Amino acid sequence: VRVRIEKPEIFYAATTLLNESGRADRDEFRAANYRELVDNPILYARPDTVQMQIGNTTVTVACYANSGKQLAPGIARKIRPLLESQRHYLGGTLPVDRYTFLFYHTLHDEPGNYTGDGLEHATSTLCLLNSQMDSAILNEFVYGIASHEFFHIITPLNIHSEEIQDYNFLTPKMSQHIWLYEGMTEYTTLHMPIWEGLQSLPDFLDEIRNKTRIMQQFDNSIPLTELSKSAMERQDQYYNFYLKGALVSLCLDIRLRELSEGKYGTQEMMRDLSKRFGKDKPFKDDALFDVITEMTFPDIRAFFRDYIEGSAPLPLTEYLAKAGIEFDEKKLRVKTVADPTPEQLRLRKWWIGQ
């Protein structure tokens with residue numbers, strides 16, 4: 001697919017697609033197919049753009065604000081340390097050569113109030129925000145969006161099922177693994193700061209408590225695989241993938257660390273899945289749990305059966321106790337135990353690095 005766009009010379013096209021034009025008044029983009037084209041949004045505006053080199057990846061931050069303010073330099077400064085930490089967390093190398101953050105800001109005058117969201121694409125994220133021109137709000141919003149969406153370069157970009165690879169827009173068939181695409185991505189967003197030494201243990205535990213509190217507002221009797229397959233009909237429950245999906249991934253990480261004596265967790269699992277599959281090699285939807293079990297430990301199959309395919313209550317209290325953390329799910333109280341055993345301290349170190 002080729003797309004030619006005539007434009008004012010003062011406008012710049014920010015996108016991960018390569019511009020083959022070389023002319024100031026015209027852009028020409030090429031994509032392998034329609035799907036690749038629509039998966040690469042393009043922002044046209046007067047230039048407000050910063051490029052950063054994050055390891056092997058060129059990251060572009062491009063902004064438009066109807067206030068006329070330049071936003072890209074400040075946003076780039078804010079998220080650069082985050083992206084560097086994410087690169088380190090993922091093993092030092094990222095699976096994409098280029099990545100683009102597109103940021104569209106509209107101004108209003110209501111103090112302390114804002115609305116916004118982000119939409120993830122394979123190698124870019126589109127962020128929309130309506131707020132005051134307040135650097136604290138801008139930084140908090142963009143940091144939160146970037147911390148989750150950037151991790152999507154692992155899944156579903158490199159780890160996804162045939163239903164995602166060959167998505168039928170007319171008669172969609174949903175994958176049963178949104179717990180992986182969104183839940184595991186949200187868990188890495190939760191786990192990375194504590195693992196990289198950017199967050200205190202009390203703050204980390206407070207995030208676990210908060211996710212548990214909000215999760216209780218949803219129907220947790222629905223197995224995550226079933227909710228995934230019916231996600232289009234059950235939008236009222238979809239947000240639970242960011243809650244229960246993240247917490248079940250947390251439990252999986254602890255269990256893997258326990259069984260491997262610290263040598264293997266969800267970080268290693270996701271790297272191995274990326275190597276085994278990839279951008280153009282999907283897995284079979286019904287086979288993923290068996291594949292992970294084969295890669296790891298036989299006991300993990302029961303974990304998937306009980307907590308992801310089934311609706312057994314998440315073993316948060318039991319699993320956190322293994323790491324010397326006392327959690328009362330009813331009263332939503334979480335704290336480290338006063339006198340942890342050497343085994344508990346060892347597992348905590350394996351799991352969160354402290």
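Is K173 buried or exposed? K173 is exposed, at a relative accessible area of 57%, where exposed means over 50%, buried under 20%, and partly exposed in between (1.4 Å probe, protein chains only).

The model is predicted, so local features need pLDDT of at least 70 and side-chain atom pairs count only at pLDDT 80 or more, while totals for chains, interfaces and linings use all residues. Residues are numbered from 1 along each chain as its sequence is written, and side-chain values use heavy atoms, with hydrogens and water left out.

**View 1. Salt bridge between K173 and E163.** The two side chains meet at 3.7 Å, N to O; a salt bridge is a side-chain nitrogen of Lys or Arg within 4 Å of a carboxyl oxygen of Asp or Glu. K173 lies in the loop between α4 (162-165) and α5 (178-195), and E163 in helix α4, 10 residues apart. Helices (H or I, at least four residues) and strands (E, at least two) are DSSP runs, numbered from the N terminus. E163 is buried, with a relative accessible area of 13%.

**View 2. Salt bridge between R4 and E28.** The N to O distance is 3.3 Å. This pair joins strand β1 (residues 2-6), which holds R4, to strand β3 (residues 26-30), which holds E28. R4 is exposed at 53% relative accessible area, whereas E28 is buried at 16%.

**View 3. Hairpin of β10 and β11.** Strands β10 (residues 325-328) and β11 (residues 333-336) run antiparallel and are joined by 4 bridges; two strands pair if DSSP finds at least two bridges between them. D328 has R333 as its bridge partner in β11. Within the turn, L332 has a positive phi of about 55°.
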